[in-house]
Amino acid sequence: MQAGKNAAAAAKEAAGNVAATAKAGMDKTKATAQEKAERMTAHNPMEKEMATQRKEEKIQHAEINKQEVHEQNAAAKEAARLGGPGGVAGHPTGGMTDHVISGAVGSHPIGAGTGTGTTTGHNPLTGGTHTTTGHGTGGRFL
């Protein structure tokens, strides 16, 4: 039974770490894109430098958040290994098990809430009945 709890805790830690890493990656990419946009609209070198500094701060913040989540997840796994939120006498864990997936990114079922209202896409190059661009095979593709 304990092995199952340890395996579950390890899986939760891994999932939380993957989610935290993915979120950090997205935050870093967003910071870089914002910096590029700000540099393009900047009117002088000082504004460009400020945009670069903001990007670097956001990247550092994302990395710090990721490391904090990794540490929380490791503590939660250790708490589970020691027997739950209270741990073993003399080894308080602070009940960190609730924070295992604190870096998780929200998800939705595949195909739900995509906003398209349809389940399949239309390719105008296939010559279907809805071709409006004049491109396609005219339905004679072999």
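What span should the 37 residues of H2 have at 1.5 Å a residue, and how far apart are its end C-alpha atoms? The expected span, taken as 1.5 Å times one less than the number of residues, is 54 Å, and the end C-alpha atoms of H2 are 54 Å apart, which agrees.

The model is a predicted one, in which local features need pLDDT of at least 70 and side-chain atom pairs count only at pLDDT 80 or more, whereas totals for chains, interfaces and linings use all residues. Residues are numbered from 1 along each chain as its sequence is written, and side-chain values use heavy atoms, with hydrogens and water left out.

Helices are DSSP runs of H or I with at least four residues, numbered from the N terminus. Helix H2 covers residues 45-81. Just after H2, Gly83 adopts a positive phi of about 115°.

The buried residues of H2 include Ala51, Thr52, Lys55, Ala62 and Lys66. Ala74, also a residue of H2, counts as partly exposed because its relative accessibility is 36%. Ala74 and Ala10 are 64 residues apart in sequence, and their C-alpha atoms are 8.7 Å apart in space.

Glu35 belongs to helix H1, residues 2-41. With a relative accessibility of 8%, Glu35 counts as buried. Residues up to four places away in sequence aside, Glu35 is in contact (heavy atoms within 4.5 Å) with Ala51, Thr52 and Lys55.

Conventions
Helices (H or I, at least four residues) and strands (E, at least two) are DSSP runs, numbered from the N terminus. Buried means under 20% relative accessible area, exposed over 50%, partly exposed in between (1.4 Å probe, protein chains only).
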